[in-house]
Amino acid sequence: MISQYCTLVDSPGNLFKQPKGRSQMMPDRRSSPSGYDGELRSRRYFLESARRILGLGAAIATCPGLAFQSGCTGSLKNTAIALPDLIIGQRGLSNGRFQKPRAIAIDANDMIYVVDKTGRIQKFDDSGKFVVGWRTPAIDSGKPTGLTIDTDGTVMVADTHYYRFLFYTPEGELLEKKTIGGVNGPDPGQFAFVTDIVRTPSGEYYCGEYGEYDRVHKYTSDGQYVDRMGEHGNGPLQFSRPQSLCIDEEGLLWVADSCNHRIQVIDWRKDEPRLVAILGTQGAELGELQYPYGLTLSKDSTVMVSEFGNHRVQQWSREGKPIASWGAAGNLPGELTQPWSAALDSKNRVYVVDSGNNRVQRFHF
């Protein structure tokens, strides 16, 4: 879906959001990179940002639906820069700020949950306003790297270095009885460093892990161990850091096999897992990947992949054909530094965890 607005920057450097077909400019109060409602950044900041991103002078206009044209920037071949319509956060420890955010999840009400390297889960509304926050029980051994919303709205956290998956209410109450794992080891019910958790249409959980063991586990809806698959390697049904997991409409498991620079699609609806497809190879061209840490499936039957190594997000068909790509290394609006994760809301807006810049950027195409 193409946005009905264009983002414009005039020659003094004011940022505007203009309905298509109108000549009158309206100040854009939602696009403040500061992350605070109603704050408009300096003229110089936005003018410099716009010029640097798009390589243009006096006045620029970027319609989100057109931002995918190749050749828009020379920083990465066939990759364009799009201006976000919302930026949440900046570096800091206070509410609404981040220290290296790592994962994002969005619930059915478009409430946004972000976890960072302080072990904080922060909740925002879709205007970027902070709602509530809480911390995981301990962070001395390491911090969480995964976040998912369960079918009932429960917030599921991959508490990576404590070998467990934590479950919270949307208000931050820990549901201790639902915890999966917590013991490091090779045996059933034990984990190495956990990465992500997803729920299947039949109610089972798939849980990823990496480190000493690179596997995906299957658990019942009430948290009982069923089976596991995979091992460290680069062959079919082998993994090297399965960082992000998704379930499609058919119940197929999609795995961002991050350090193998690929995506594996697996049918595990029966007892034995079956490889359906391997998508992507290592590289920086369209259709290639460099440490894909984030994976999300859209309603229009496409897939969004955030690449930690290429500082970009790609949109592919479900068959792995590249459709679009945006982002490049940097800290200006639309630029990305080591993006860890991406998520879609009900309006098909893409939220990208711009980890190296301590923020979340939203794009509407």
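Within strand β29, F363 is the bridge partner of V350. Strands β28 (residues 350-354) and β29 (residues 359-363) pair in the antiparallel sense over five bridges, where pairing requires that DSSP finds at least two bridges between two strands. Strands are DSSP runs of E with at least two residues, numbered from the N terminus. The structure is a predicted model, in which local features need pLDDT of at least 70 and side-chain atom pairs count only at pLDDT 80 or more, while totals for chains, interfaces and linings use all residues. Residues are numbered from 1 along each chain as its sequence is written, and side-chain values use heavy atoms, with hydrogens and water left out.

The two strands belong to an open sheet of four strands with the order β4-β29-β28-β27 and antiparallel pairing. Strands β4 (86-88) and β27 (341-344) form its edges, each pairing on one side only. On average, neighbouring strands of this sheet are turned by 20 degrees against each other, direction ignored; axes are lines fitted to C-alpha atoms, and angles run from 0 to 180 degrees between N-to-C directions.

T148 is located in strand β9 (residues 146-149). T148 counts as buried because its relative accessibility is 15%, buried meaning under 20% relative accessible area with a 1.4 Å probe and protein chains only. The side chains of T148 and D196 are joined by a polar contact of 3.0 Å, that is, a pair of N or O atoms within 3.5 Å, one able to donate a hydrogen and the other to accept it. A polar atom of the T148 side chain also lies 2.7 Å from the backbone oxygen of I197. With residues up to four places away in sequence not counted, T148 touches A105, T154, V155, M156, D196, I197 and V198, contact meaning heavy atoms within 4.5 Å.

Terms used:
Buried < 20%, exposed > 50% of the residue type's maximum accessible area, 1.4 Å probe, protein only.
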